[in-house]
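Please consult the sequence and the model shown below.

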Amino acid sequence: MAAQFVRYTPDVEDDDPHFDRNVQTVIEKTESYIAGSVEAGGTGRALRDAHAKGYGLVRGEVEILDGLPPEYAQGIYATPGTHDALIRFSNGSPHAGADARLGAATGLALKIFDIPGPTLLEDEPDTGTFDYANINGPIFFCNTVEHYLFIQELFLDAPAYFSQGRPGAHRFFTEFVTGKGTLAQDNWAWDEFLAFLRLAKTPPANLLLSSYWTMGAVRHGDYIAKVRITPDPVSAASVVRRDIDPTSGTEVFRPALQAELQERPYAFDIQVQLCTDLERMPVEDTTVEWPEQLSPSFTVAKLRLPQQDISGPENLEKMDSLSFTPWRVTAEHAPLGNIMRARKEVYRRSSIARHKLNQQPRTEPHSADEVLGPPQ
């Protein structure tokens, strides 16, 4: 069985000679946006440059399943057991405000506690925490850091474009495809633009009914994978508030999540999709969805959310003080590809800037209880 899965070797990633220079430019733009968001963001505090609006901080428990096939029992999934966890549900936009203005891209960031071994963050190797930062789409709309430079600008300025109606939208789309006029016609960003359109058409859904992907590839021990967190079918069937209409009120995602968790527990499956073909399941091209026909996603763990009350304003305060990054993982789960590699320092510097501006301590918790207090 193992022979069909592609084994990880360092040469599955491309070397970009301009990588460090381009990442530094992204960091500078990100820090500038975060500093300006204190006044411009409408909340009176510095915002994240993506997933700025959180919908709730939820207590959870991750059970790593016993008896996994050896290809899946890799890294942290090689040791069965149960770990406390925290989940931040969010909108994917860099802006805050009414849900109807922000779109239906939503995120699930997961922090798992008591994971042994050093993380890949050199300034905090011994936190014992392990993060996923997933979004409700299997692909990403950017393949290179060079392209991210202009795509980031467009997203941060999106309200100004779309406030001008159709002419503004046309200008946004044109500047996306042409790289704001910097790309030769043969190199226009069509794949990335089409990926953006696909993600933009994601219908609004109850946060508990969405699946959330890493989008980019990651190591899975000896192999290469993408990871998704998807609703447990039995739990999904019990959700009452199935239809989400962002035009029905200023806040729609958080109230539905809050009400469901007050009434019943919930569960997700954590699933791994192993790469079997680097041509059809590429590492560097994140606009390509990996076909399930080539390699079905396989459940390696359960993420259980107990019945709980997240309704208080203190829940949002505690959520805002946390940081999540796809690089707070052990080496066996390292993110792969240039876009994923760029996230390491961009996320770190973004978190440092935001916490400093908001005068929040930037420390990793050691347990869910440390953040939320003992369960009620």
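Is C142 buried or exposed? C142 is buried, with a relative accessible area of 0%; buried denotes under 20% relative accessible area, exposed over 50%, and partly exposed in between (1.4 Å probe, protein chains only).

## Basis of the model

The model is predicted: local features require pLDDT of at least 70, side-chain atom pairs count only at pLDDT 80 or more, and totals for chains, interfaces and linings use all residues. Residues are numbered from 1 along each chain as its sequence is written, and side-chain values use heavy atoms, with hydrogens and water left out.

## Cysteines

C275 is likewise buried, at a relative accessible area of 0%. A search of the whole structure returns 0 disulfides, a disulfide being a pair of cysteine sulfur atoms within 2.5 Å.

## Helix α1 against helix α10

Helices (H or I, at least four residues) and strands (E, at least two) are DSSP runs, numbered from the N terminus. The axes of helix α1 (residues 19-40) and helix α10 (residues 338-357) come within 9 Å and cross at roughly 30 degrees. Axes are lines fitted to C-alpha atoms, for helices over the stretch in contact, with angles running from 0 to 180 degrees between N-to-C directions.

Residues in contact (heavy atoms within 4.5 Å) include F19, V23 and I27 of α1 and A342, V346 and L357 of α10. The contact comprises 11 nonpolar, 4 polar and 5 charged residues; Ala, Val, Leu, Ile, Met, Phe, Trp, Tyr, Cys and Pro count as nonpolar, Asp, Glu, Lys and Arg as charged, and the others, Gly among them, as polar.

E28 lies in helix α1 and is partly exposed, with a relative accessible area of 47%. The C-alpha atoms of E28 and S350 are separated by 9.6 Å, although these residues are 322 residues apart along the chain.

## Helix α1 against helix α3

The axes of α1 and helix α3 (residues 145-156) come within 9 Å, crossing at roughly 15 degrees. This angle makes α1 roughly parallel to α3, and their crossing is left-handed. Among the residues in this contact are F19, V26 and Y33 of α1, together with Y148, L149 and L156 of α3. The contact of α1 with α3 divides into 8 nonpolar, 4 polar and 3 charged residues.

Methods. Parallel < 35°, antiparallel > 145°, perpendicular 65-115°, else oblique. Left-handed = near helix turned anticlockwise from the far one by under 90°.
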